[in-house]
Amino acid sequence: MQFDKSSYGLISIVIPVYNEEDNVIPLTQKIDESLKGFNYEIIYIDDFSTDKTILNVKKMNNPRVVLIELRKNYGQSLALAAGFDYAKGDYIVTLDGDMQNDPSDIEHMLEKAKSEEWDVVTGIRAKRKDSFIRTFPSKIANFLIRKATRLDLKDQGCALKVFTKDIAKDLNLYGEMHRFINLLAHLNGARIAQVPVKHHPRQFGQSKYGLGRTVKVINDIVLIIFQRKYLQRPIHLFGNFGLFFLVLGFLINLYLLVLKLLGQDIWGRPLLIFGVMSIVISLQFFTVGIIADLLMRTYYESQKKRPYTIRKIHVSE
């Protein structure tokens, strides 16, 4: 089904950038070529770049381009959050600023979202042009999310996505949750479709990803599942843990009591105590981490503050 391009309303293209001085100009040109006939805005969120990214965005003097300068380097999640908050479009499109995503895919993703009434249309990078250092953490994340949730998507990490306005603005991104943006939308009730998209090798600049993401992936998945599944009923999570360790402790003490009644000496077994205490301490670390995160969220939401500050917004005339 073909739609009149004006029927989509305003399209907001949200692009977080950090040190992408060589990419912003050709990327903008590619977007302009791909979205002819659409009403759109391009929102660059500069995450405190140290090169000429800001200068090059301003130099284009493109009336469709908005530049949001953050006061410090907050990371991709908060840069996206700033873009979502500013975006005025009926549909909000995200893509990376490294030109590995192809803006020519946006039109058919928009058409699928509108014609089939999807809340999110996300890309699957066909013949991905990335190194092992980038693909390995993504494979781990995709596997863990599929096992831990009911969301079965082939490529969680593709930055090229189309959101309806309501879904995008309700995501409440913070920390480093951008890599689980599909999961966040799914847990908020979004209907998600996936389509193959083109993927290009990076030509300019350096990748900001590495193997260090793998540990963060696991921690963030644990946090997301707790917040969405157990936030309003934490006793179902911690109660299960408590019951497990109560039964375990009872069985251990029963075993030791039997040994004592049989005349064996049950003292002098520090390994058993150490093993139990190690498990308890690990749970305490998880609990403290979750509580600290909830306190942070409560602070921002109760104070009606955003977890980022904007230095300046530049709109070309």
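Phe 38 counts as buried because its relative accessibility is 4%, where buried means under 20% relative accessible area with a 1.4 Å probe and protein chains only. Tyr 8, also at 4% relative accessibility, is likewise buried. The model is a predicted one, in which local features need pLDDT of at least 70 and side-chain atom pairs count only at pLDDT 80 or more, whereas totals for chains, interfaces and linings use all residues. Residues are numbered from 1 along each chain as its sequence is written, and side-chain values use heavy atoms, without hydrogens and water.

Across the whole structure, three aromatic pairs are found, a pair being rings of Phe, Tyr or Trp (its six-membered ring) with centres within 6.5 Å. The ring centres of Tyr 8 and Phe 38 are 5.5 Å apart and their planes lie at 55 degrees, so this pair is tilted (under 30 degrees would be stacked, over 60 edge-to-face, and the rest are tilted). Because Tyr 8 lies in the segment before β1 (10-17) and Phe 38 in the loop between α1 (24-34) and β2 (39-46), the pair ties together parts 30 residues apart in sequence; helices (H or I, at least four residues) and strands (E, at least two) are DSSP runs numbered from the N terminus. Tyr 8 and Phe 38 form one aromatic cluster with Tyr 91.

### Charges over rings

The charged end of Arg 64 sits over the ring of Tyr 40, 4.1 Å from its centre, and that of Arg 191 sits over the ring of Trp 118 at 4.3 Å from the centre. The criterion is NZ of Lys or CZ of Arg within 6 Å of the ring centre and within 35 degrees of the ring normal.

Notes: Buried means under 20% relative accessible area, exposed over 50%, partly exposed in between (1.4 Å probe, protein chains only).
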